[in-house]
Amino acid sequence: MTRGRGYALLAGLVAAIVALSTAIYVGVASDDGTHSRNAVTDSRLPNNSAAPASTGTWVGTWSTSPAAAEPGTETTGMADRSVRNVVHTSVGGTSARVTLSNLYGQSPLSITQASIAVAARSGTPAALSDTMRQLTFNGGPTVVIPPGRQVMSDAVRIVIPPDADVLITTYTPTSSGPVTYHPRARQISYVAQGDHTADATGTPYTEQSPFWRYLTALDVLSNEADGTVVVLGDSLTDGITSTVGANNRWTDVLSDRLRAEIAAGRDLPRYSVVNQGISGNRVLTDGLGRPADNPSGLNRFARDVLERTNVKVVVIDLGVNDILRNPRLADPNAILDGLRTMVGQAHARGLKVVGATLMPFGGHRGYSEAREAVRQQINAEIRAGRVFDAVVDFDKALRDPYDPRRLRADYDSGDHLHPSDKGYTRMAEAFDLESLKGSAPAEL
């Protein structure tokens, strides 16, 4: 081979790598994870561009499940308002990208400005001013997201700390509804009238919100994590009774534990942890509407688990609502079959699955001896190893030793179904970090 021909081949290889990198960093995807170029983007250059760092691994540091269409936003959506979502990171990174969803929208969602910044402190819409970055989409500040679709931003260089609050702000100039949202965030976000996406003071953000709107994921290019643990669950994972703003969902505590143990030198996988809990979620049954509000675990498994960034392990904590919300007595075998179907889908992608036993709900208004029997049947199969690759026994960890049908009093939030902050912490402590090791077993 001549030197000239070798240079030509090398130049062609470099061009191919550049094209592949562009495809990775810039993309629009539908909510089922298939790639599309249907979103319309502005061709103007961004005012605050920064090339992404070239080393590290893309992982999810935070995510949430689009759960429903926000009531009252059917006509105007969030027209002429800036929505500043506050999210809490699992791991840190040197670049970031976000995913915005119009899954429940019935008209195109126009985002003309978006930004990301590290919060100045917890409980505030103010940002550290030197971290404020404009987000772009295919190189421009504007993106139009068709109904039922989602878009991923370009990567932007920004130092994202672990265990920190991050502000992701979008501005929508025109009516577009209803708004795709996650209603029980256990985190206060903020809204301002007009375009204040670049504002670091937080002063215009006079309206507080208990929701996350449009935003469904924050990924980081990380040197401290090699993959993502995705937790699929209901209100027990959503953290419905945990203290607002305290980041004491059991998944938050699990992330803190894992990071601390790794820092102490323990041989454990370097994973982030993201939360895909929806309050009221069931294994088998969707909510109302098209697309369905609160889609079943089976319905949303591909979207909320398999399509998360760099997934390595799946944790499933679902089934209690299938028992409690069924007007008739639930069939334990149907619930178990649903769980096994999700496990099979994970295994097809080479993912290990850790499953949780169902915690007691004695004293709750939905309790009955017949429903308790269904819970016990499901737990027996889970403990016997006939459902998941590994088991976390939340039932054993939180039940009252003197009345195993109930939560222990100090682990009970008071409604006899959801844990207290102490109970959520106990859930994370009961999780065997060694179970995160390994991969899906080989199919025989």
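**Cavities**

For my own record, on a 1 Å grid over the protein atoms alone, a cavity is a set of points where a 1.4 Å probe fits but cannot get out, and a pocket is an open set with protein on both sides within 12 Å along at least five of seven lines; lining residues have an atom within 4 Å of a point. Grid points are joined across faces, edges and corners, and a volume is the space filled by probe spheres set on the points.

Before going on, I noted that this is a predicted model, where local features need pLDDT of at least 70 and side-chain atom pairs count only at pLDDT 80 or more, while totals for chains, interfaces and linings use all residues. Residues are numbered from 1 along each chain as its sequence is written, and side-chain values use heavy atoms, with hydrogens and water left out.

The largest cavity has about 230 Å³ of space. Its lining counts 24 residues, and those nearest the centre are Trp62, His88, Arg249, Asp252 and Asn275. I checked which elements contribute: β4, α3 (250–263) and β21 (271–277) each supply at least two lining residues, and α3 has the largest share with five. Helices (H or I, at least four residues) and strands (E, at least two) are DSSP runs, numbered from the N terminus.

By class, I get five nonpolar, 13 polar and six charged residues in the lining of the largest cavity. Here Ala, Val, Leu, Ile, Met, Phe, Trp, Tyr, Cys and Pro count as nonpolar, Asp, Glu, Lys and Arg as charged, and the others, Gly among them, as polar.

**Second largest pocket**

Next I looked at the second largest pocket, with a volume of about 290 Å³. It is lined by 17 residues, and closest to its centre are Asn321, His364, Arg365, Leu417 and His418. α2 (235–238) and α5 (320–324) each put at least two residues into this lining, with α5 giving the most, three. The classes come out as five nonpolar, seven polar and five charged.

**Strand β4**

Buried means under 20% relative accessible area, exposed over 50%, partly exposed in between (1.4 Å probe, protein chains only). β4 pairs with β19 (215–222) in the antiparallel sense over six bridges; Val59 has Val220 as its bridge partner there. Two strands pair if DSSP finds at least two bridges between them.

**Two open sheets**

I traced a five-stranded open sheet in the order β21-β20-β22-β23-β24, with parallel pairing. β21 and β24 (390–392) stand at the edges with a single partner strand each, so one side of each has no neighbour in the sheet. Neighbouring strands are turned by 25 degrees against each other on average, direction ignored; the axes are lines fitted to C-alpha atoms, for helices over the stretch in contact, and angles run from 0 to 180 degrees between N-to-C directions. β23 (352–356) and β24 share three bridges in the parallel sense, and Gly355 stands opposite Val391 in β24.

The other open sheet I looked up has three strands, β5-β15-β18, paired antiparallel. β5 (68–69) and β18 (212–213) are its edge strands, each pairing on one side only. Two bridges join β15 (180–182) to β18, and His182 has Trp212 as its bridge partner in β18.

Most residues other than glycine have a negative phi, and most peptide bonds are trans, so I listed exceptions. Gly177 and Pro178 are joined by a cis peptide bond, omega about -10 degrees, and Pro178 is in the loop between β14 (165–172) and β15. The bond from Arg290 to Pro291 is also cis, omega near -5 degrees; Pro291 lies in the loop between β21 and α4 (297–306).

Asp80, not a glycine, has a positive phi of about 55 degrees and lies in the loop between β5 and β6 (81–88). Is Asp80 buried or partly exposed? Asp80 is partly exposed, with a relative accessible area of 31%. Asn247 also has a positive phi of about 55 degrees, in the loop between α2 and α3, but Asn247 is buried at 11%.
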